[in-house]
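The notes follow the order in which I looked.

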Amino acid sequence: MASNSTFSLFLIFLIITQCLSVLNAATDFDFFYFVQQWPGSYCDTKQSCCYPTSGKPAADFGIHGLWPNNNDGTYPSNCDPNSPYDQSQVSDLISRMQQNWPTLACPSGSGSTFWSHEWEKHGTCAESVFTNQHAYFKKTLDLKNQIDLLSVLQGANIHPDGRSYDLVNIRNAIKTAIGYTPWIQCNVDQLGNSQLYQIYICVDGTGSNLIECPIFPRGKCDTNIEFPTF
């Protein structure tokens, strides 16, 4: 009897340990990257792009995602396989998502595949902060409203006109406007020219406040980068 009791306790311990491991994977992170991308730089590469079925997006920065990250540069992903994307939870947000979080991947789609990927890879790892999918997507959309990158850059006389601009001036214009240093990601167009692609801004672990980034992703841009038209 004692042996059976010990074995049963051991099994219970294993089950609890596995449950805690899954929970920690879904909650253990330090901050968020809020990432917006310039559609012109997505579409003028050798890979090209496809407009969503709702039509060509506006010439504005679009959301890429809100991504939990750790101060050491690692990040959790795909934390809850039991929580697949459920569009019925965000039905009242779809028009905002189509406008501010458009897909540019081929083949053309409604955006649901993109949003599903973002929720399942990143959103499920922030379920300790956002109680449901609606809260995650709404917060991300609200951050986009709060940080109008195109207006900020145009206010600094930096325009999506195909010209080249000083990387430092782009960074400083955003820092002056929001109070925190962004990270600029570049890609290259079909001719190999370095161009403004994505802008990372850091948000604290509650999803509420902008912060200085504890760590920046890897990568570099040329000193002067193009801001292509769209």
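This is a predicted model: local features need pLDDT of at least 70, side-chain atom pairs count only at pLDDT 80 or more; totals for chains, interfaces and linings use all residues.

Second largest pocket. I sorted its lining and got four nonpolar and eight polar residues, with no charged ones. The lining runs through Thr103, Ala105, Cys106, Pro107, Ser108, Gly109, Ser110, Gly111, Ser112, Thr113, Phe114 and His117. I put down a volume of about 150 Å³ for this pocket.

Largest pocket. Its volume is about 340 Å³. I counted 15 lining residues, and those nearest the centre are Tyr33, Trp67, Asn69, Tyr75 and Tyr200. By class I have eight nonpolar, five polar and two charged residues here.

Which element gives the most to the lining of the largest pocket? I found that H4 does, with four residues. Helix H4 spans 112–121, and strand E2, at 62–69, also supplies at least two residues of that lining.

Whole chain. I listed seven helices and seven strands. Read from the N terminus, their order is α-β-α-β-α-α-α-α-β-α-β-β-β-β. Of the 230 residues, 44% are buried. Among contacts with a separation of 6 or more, I noted that 76% join residues 24 or more positions apart. The chain exposes about 11,700 Å², and carbon and sulfur atoms supply 52% of that area.

How values were computed. Residues are numbered from 1 along each chain as its sequence is written. Side-chain values use heavy atoms; hydrogens and water are left out. On a 1 Å grid over the protein atoms alone, a cavity is a set of points where a 1.4 Å probe fits but cannot get out, and a pocket is an open set with protein on both sides within 12 Å along at least five of seven lines; lining residues have an atom within 4 Å of a point. Grid points are joined across faces, edges and corners, and a volume is the space filled by probe spheres set on the points. Ala, Val, Leu, Ile, Met, Phe, Trp, Tyr, Cys and Pro count as nonpolar, Asp, Glu, Lys and Arg as charged, and the others, Gly among them, as polar. Buried means under 20% relative accessible area, exposed over 50%, partly exposed in between (1.4 Å probe, protein chains only). Contact means heavy atoms within 4.5 Å. Accessible areas come from the Shrake-Rupley method with a 1.4 Å probe; for residues, only the protein chains shown count as cover.
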